[in-house]
Amino acid sequence: MIIGHRGASALAPENTLASFKRALEDGAAGVELDVRLAGDGVPVVIHDPTLRRTGLREGVVATMTSAELGQTDVGSWFNSSHPRLARAEYSRQVVPTLDQVFDIFCEPSARSAPIYVEMKTHKAEDTYAELAAAVVQLVNDRNLRSRVVVVSFNLKAVAEIKRIDSYIATGALFEPQRNLVKAIRKHPMITAALECGAEQILLHRSIASRRLVELAAQSDLLPVVWTVDDPKWMRRSTDLGIHALITNNPGVMAARL
């Protein structure tokens, strides 16, 4: 499957309704998005803990209400950074709630699309439990249990999802480590993914070796690779039996598929 990373983030402002719609229009099977808790306890879709990068202003997501964030422009930065891709509609994009994003995937044209929901948390904080509870509640309220995969680098958050609702699919996220050779030889990522109850393991492309992917499959973990923008990966993914590729430009990857 081709999954749009934060939507079609190479062509539209990331984690916005416009980006998710563009990904689906370009042929993505589904999308990946980032979710945090706003100050009023509502799950909102944004990657960073602050508005500095995509909002071009000061502001901490965790201290603002979802209504305030829903009035914050998070698209104009993209027009400024990518003038050749700029669109007037992008300047009207705001921080959506997870519920608003789910609206897109309840429309007839997207009712089979999978949604990878990455929980953004800090390991030293206990807010992951509150975020997990809010995500599970919303997934079940919208009857999306069969299509959502909740993932995180914080494996405590992944385990919490399973504790609340074991029927929701989960994935363990891993990025490159300093001592890569040692990490792959001992396979701590496979062990950690299994211990938190994940069904999928999401590997950065630089560590998705044949040996690691094969071991994941042998351990009944669906291997997913992120973030892949080189079409040459299409043949490699077929050879390795990769379940999904997460990409910034789903249109290019879907065309090669």
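This is a predicted model: local features need pLDDT of at least 70, side-chain atom pairs count only at pLDDT 80 or more; totals for chains, interfaces and linings use all residues.
**Entry 1: overall fold**

I began with the secondary structure and found eleven helices and nine strands in the protein chain. I then looked up the radius of gyration, which is 18 Å for the protein chain, close to the 18 Å that the globule rule gives for 257 residues, so the chain is as compact as a globular protein of that length. Along the principal axes, the C-alpha atoms fill a box of roughly 45 × 40 × 40 Å. Of the 257 residues, 53% count as buried, and I noted that, among contacts between residues at least 6 apart in sequence, 58% join residues at least 24 apart.

**Entry 2: surface and charges**

I looked up two residues here, R6 and L56. R6 has a phi near 55 degrees, a positive value in a residue other than glycine, and its place is in the loop between β1 (2-5) and α1 (17-25). L56, which is not a glycine either, has a positive phi of about 55 degrees and is found in the loop between β3 (43-45) and α2 (66-69). Are these residues buried or exposed? R6 is buried, with a relative accessible area of 14%, whereas L56 is exposed, at 55%.

**Entry 3: aromatic pairs**

My search of the whole structure gave three aromatic pairs. In one of them, F78 and Y90 are edge-to-face, at 5.6 Å centre to centre and with 85 degrees between the planes. F78 lies in helix α3 (residues 76-81) and Y90 in the loop between α3 and α4 (98-104), so this pair ties together parts that are twelve residues apart in sequence.

F153 lies in the loop between β5 (148-152) and α6 (155-164) and W226 in strand β8 (residues 222-226), so parts that are 73 residues apart in sequence are tied together. F153 is partly exposed, with a relative accessible area of 25%, while W226 counts as buried at 14%.

Finally, I noted that ring pairs link W77, F78 and Y90 into a cluster.

Methods. Residues are numbered from 1 along each chain as its sequence is written. Side-chain values use heavy atoms; hydrogens and water are left out. Helices (H or I, at least four residues) and strands (E, at least two) are DSSP runs, numbered from the N terminus. The radius of gyration is taken over C-alpha atoms; the globule rule is 2.2 Å times the number of residues to the power 0.38. Buried means under 20% relative accessible area, exposed over 50%, partly exposed in between (1.4 Å probe, protein chains only). Contact means heavy atoms within 4.5 Å. Rings of Phe, Tyr and Trp (its six-membered ring) pair if their centres lie within 6.5 Å; planes under 30 degrees apart count as stacked, over 60 as edge-to-face and the rest as tilted.
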